[in-house]
Amino acid sequence: MSKLTKNQKSVAEKVELGKAYTLDEASKLVKEITTTKFDASVDVDIRLGVDPRKANQMVRGVVTLPNGTGKVTRVLCLCTPDQEAAAKEAGADYVGLDEYIQKINGGWTDIDVIITMPSCMGKVGPLGRVLGPRGLMPNPKSGTVTMDVAKAVRDVKSGKIDFKVDKAGIIHTSIGKVSMTAEQIFGNAKEFISTVIKLKPAAAKGTYIKSIFISSTMSKGIKIDPKSAE
């Protein structure tokens, strides 16, 4: 068996195996056990008691994190010329339509979120083969296909994220950065978890929230007592 490093020993001493911490405790602890030299992301994983293969048990939604995501979100707005000025003023990093569609067809995907208008979906739709696998395809359910592109840009820039349960019944998302204060991490995590709880499908039977873990990019996962996050 390999010998534990000094950092691994320190983490092992701080995180008690099998213990479920309160969200407040875990928000502080995740900062303490992160030893990376870069500003690691803080992630939350929620295992749900749903069957994602059934449409009436699919869990997906959007949430605006009260303290932002802690990272710069690069936004592309694909819109008609009359909306370009408003999108730029709202903070979009790239604004246009045909020229960016050509760039994406050429393999360019150096962006985090794409926002567009219903009237532009005829041109944007065929990009699904490129954007779909990267999670970049605009969708009305996530608010990224809208008539009010300026508001959508502002929402994303201020910390709005979308999420959905995967095939294994797990929702995984980043809710901040380790450089945030423990209070900011707590606020973001609580808002995200509360939103997932509110989205419980009527068809879901038994225990809905099976487990919640919080971790940073390369840290150990910290188990959270779901009741402390309600």
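Colleague: Why are Lys 151 and Asp 155 called a salt bridge?

Modeller: Their closest N and O atoms are 2.9 Å apart. A salt bridge needs a side-chain nitrogen of Lys or Arg within 4 Å of a carboxyl oxygen of Asp or Glu, so Lys 151 and Asp 155 qualify. This is a predicted model, where local features need pLDDT of at least 70, side-chain atom pairs count only at pLDDT 80 or more, and totals for chains, interfaces and linings use all residues. Residues are numbered from 1 along each chain as its sequence is written, and side-chain values use heavy atoms, leaving out hydrogens and water.

Colleague: Where do Lys 151 and Asp 155 lie?

Modeller: Both are in helix H7, 4 residues apart. That spacing is about one turn of the helix. Helices (DSSP H or I, at least four residues) and strands (E, at least two) are runs numbered from the N terminus. The protein comes to 8 helices and 9 strands.

Colleague: What makes Lys 151 partly exposed?

Modeller: Its relative accessibility is 43%. Buried means under 20% relative accessible area, exposed over 50%, and partly exposed in between, with a 1.4 Å probe and protein chains only; so Lys 151 falls in the middle class.

Colleague: Which residues of H7 are buried?

Modeller: Val 149, Ala 150, Ala 152, Val 153, Asp 155 and Val 156. The buried residues of H7 pack against strand E3 (75-78), H3, strand E5 (113-116) and E6. Just after H7, Gly 159 takes a positive phi of about 120 degrees.

Colleague: How do you know that Asp 93 and Lys 157 form a salt bridge?

Modeller: The closest N and O atoms are 2.8 Å apart. That is inside the cut-off, so the pair counts. The pair links distant parts of the chain, 64 residues apart. Asp 93 sits in the loop between helix H3 (81-90) and strand E4 (94-96), and Lys 157 in helix H7 (residues 149-157). Asp 93 counts as partly exposed at 37%. Lys 157 is also partly exposed, at 33%.

Colleague: What are the classes of Arg 53 and Asp 51?

Modeller: Arg 53 has a relative accessible area of 76%, so it is exposed. Asp 51 stands at 17%, so it is buried. Their side chains meet in a salt bridge at 3.0 Å, N to O.

Colleague: How many salt bridges does the rule give?

Modeller: The count comes to 7. Arg 74, Asp 110 and Asp 112 are linked in a network of salt bridges.

Colleague: Why does Asp 43 have no salt bridge?

Modeller: Lys and Arg count as positive and Asp and Glu as negative, while His and the chain ends are not counted. The nearest side chain of opposite charge is Lys 71, 8.0 Å away. That distance is beyond the cut-off, so no salt bridge is assigned to Asp 43.

Colleague: Which residues does Asp 43 touch?

Modeller: His 172, Thr 173, Ser 174, Phe 213, Ile 214 and Ser 215, leaving aside residues up to four places away in sequence. Contact here means heavy atoms within 4.5 Å.

Colleague: What are the bounds of the domains?

Modeller: Domain 1 covers 18-69 + 160-228, and domain 2 covers 75-157. The bounds come from an automatic or database domain assignment. The C-alpha centres of the two domains lie 27 Å apart.

Colleague: How do you know that domain 1 and domain 2 are in contact?

Modeller: 4 residues of domain 1 are in contact with 6 residues of domain 2. The area buried between them is about 480 Å², of which carbon and sulfur atoms give 50%. Arg 60, Val 62 and Lys 160 supply 84% of the area that domain 1 buries against domain 2. Buried area is the accessible area (1.4 Å probe) that two parts lose on being put together, summed over both.

Colleague: What polar links are found between domain 1 and domain 2?

Modeller: The count is 0 salt bridges. The rule finds 1 residue pair in polar contact, both at pLDDT 80 or more. A polar contact is a pair of N or O atoms within 3.5 Å; within protein, one must be able to donate a hydrogen and the other to accept it, and residues adjacent in sequence count only if both atoms are side-chain atoms.

Colleague: What makes Ala 85 exposed?

Modeller: Its relative accessible area is 57%, so it passes the mark for exposed. Ala 85 lies in helix H3. Across the protein, buried residues make up 45% of the 230 residues.
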